[in-house]
Amino acid sequence: MRLGVLDVGSNTVHLLVVDAHPGARPLPAHSHKADLRLAQLLECTGAIGGDGVDKLIAVILDALQAAEDKGVVEILPFATSAVREASNADEVLARVKDATGVELQVLTGAEEARLTFLAARRWFGWSAGKLLVLDIGGGSLEIAYGIDEEPDAAVSLPLGAGRLTAGWLPGDPPDPADVKALRRHVRTEIARTVGEFSRFGAPDHVVATSKTFKQLARLAGAARSAEGLYVQRDLKRQSLEAWVPRLTGMTAAERSDLPGVSDGRAGQLLAGALVAEGAMDLFGVETVEICPWALREGVILRRLDHMPAT
């Protein structure tokens, strides 16, 4: 059957269409996305304003039309931290449902971490052993660890690249003092969780998902996306540490000229790099392997697990 997963994230609203059935890997058929920057539409009260909700509704209606055009049988709609943490989340969800018919499932941070972990486990398989999975989104950082398909530990921290850029790095290029303060904040938040994971022992394999990690790996010399999903892509902490001061001195426009960096993500790349560097350092990780699958694939895989085999 043809499934569509509608991901209302902090940066983008992304419809991923796949051909899938139980027991088989989902095959991507179409991708439709809009850079809504929902996290940046939050008002000072923490609410998503009326204009922001109108934009969200319009983007979802466009995605529904794309799903219809591509023959999608079922849509799996969900929202992450931007909607989850909005002070008027219930009102936003009600307006979206009234205007579009879509009932967004708001995932908790722990659910995000678990579903992303499931996608990574299925991608790398059992031979990967104990997995540590890092995922940097627009609003949050998810960390999960385990040897099975359900992680032994999973946490979500408010350390998304978009959120941190808006709250800590107003300058372009950023003030070095602001960068230093953000670096301290990031490491303090991550350090609080390390003990929860270290009691399970060292991981056998560390993987990272998300656009932020993919762009950082590309900067460090990983293969272009055009070379396909099955090319191994790694990010070494040593390379990342060399890039952070360079990114600090650049404007967003200058970062957008770097290989693999999109205009829409350039502004928040430094914050993402600080989170990636902090996580790798505090968890004692020298290299992460980039996983092509992440939260959206995890949602699809979980849905397929609950479908009867034919």
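Let me begin at residue G101, which follows helix 3 and has a positive phi, near 85 degrees. Helices here are DSSP runs of H or I with at least four residues, strands are runs of E with at least two, and both are numbered from the N terminus.

A word on the source. This is a predicted model, in which local features need pLDDT of at least 70 and side-chain atom pairs count only at pLDDT 80 or more, while totals for chains, interfaces and linings use all residues. Residues are numbered from 1 along each chain as its sequence is written, and side-chain values use heavy atoms, with hydrogens and water left out.

Let me stay with helix 3. This helix covers residues 89-100, 12 residues in number, and spans 16 Å from its first C-alpha to its last. That is close to the expected 16 Å, where the expectation is 1.5 Å times one less than the number of residues. Which of its residues are buried? They are A89, V92, V96 and T100, with buried meaning under 20% relative accessible area, exposed over 50% and partly exposed in between, for a 1.4 Å probe and protein chains only. Viewed down the axis, the buried residues of helix 3 fall within an arc of 60 degrees, so they line one face; the arc is taken from the directions from the helix axis to the C-beta atoms. An α-helix has 3.6 residues a turn, so residues three or four places apart point the same way. On the face turned away from the buried side, helix 3 carries the exposed residues D90 and D98. The cover over its buried residues includes helix 1 (50-69) and helix 2 (81-84).

Helix 2 contains S81. This serine counts as buried because its relative accessibility is 2%. Setting aside residues up to four places away in sequence, S81 touches S10, E112, G139, S140 and R163, a contact being heavy atoms within 4.5 Å.

I turn to the nonpolar cores. Such a core is a set of buried Ala, Val, Leu, Ile, Met, Phe, Trp, Tyr and Cys residues joined through side-chain atoms within 4.5 Å. The largest has 48 residues, and those with the most contacts inside it are L132, I143, F213, L216, L247 and V288. Helix 11 gives the most to this core, namely nine residues. A second, separate core has 25 residues, among them L36, I48, V59 and A67. In soluble globular proteins, nonpolar side chains tend to be buried together. As for I143, its contacts beyond four places in sequence include L132, A153, F197 and F283.

How many does a search of the whole structure find? There are four. Rings of Phe, Tyr and Trp (its six-membered ring) pair if their centres lie within 6.5 Å; planes under 30 degrees apart count as stacked, over 60 as edge-to-face and the rest as tilted. W123 and Y230 are stacked, at 5.6 Å centre to centre and with 10 degrees between the planes. W123 belongs to helix 4 (residues 109-124), whereas Y230 is in the loop between helix 7 (211-219) and strand 10 (234-236), 107 residues apart. W123 is partly exposed at 22% relative accessibility, and Y230 is exposed at 60%. F197 and F283 form an edge-to-face pair, 5.6 Å centre to centre with 80 degrees between the planes. Because F197 lies in helix 6 (residues 176-198) and F283 in the loop between helix 11 (269-282) and strand 11 (287-290), this pair ties together parts that are 86 residues apart in sequence. Both F197 and F283 are buried. Ring pairs also link W123, Y230 and W293 into a cluster.

Finally, the backbone. Most residues other than glycine have a negative phi, and most peptide bonds are trans. R37 is not a glycine, yet its phi is positive, about 55 degrees. R37 is found in the loop between strand 3 (27-34) and helix 1, and is buried, with a relative accessible area of 13%. S210 also has a positive phi, near 100 degrees. S210 lies in the loop between strand 9 (205-209) and helix 7, and counts as buried at 11% relative accessibility. Where is P173 found? Its place is the loop between helix 5 (161-168) and helix 6. The peptide bond from D172 to P173 is cis, with omega near 5 degrees.
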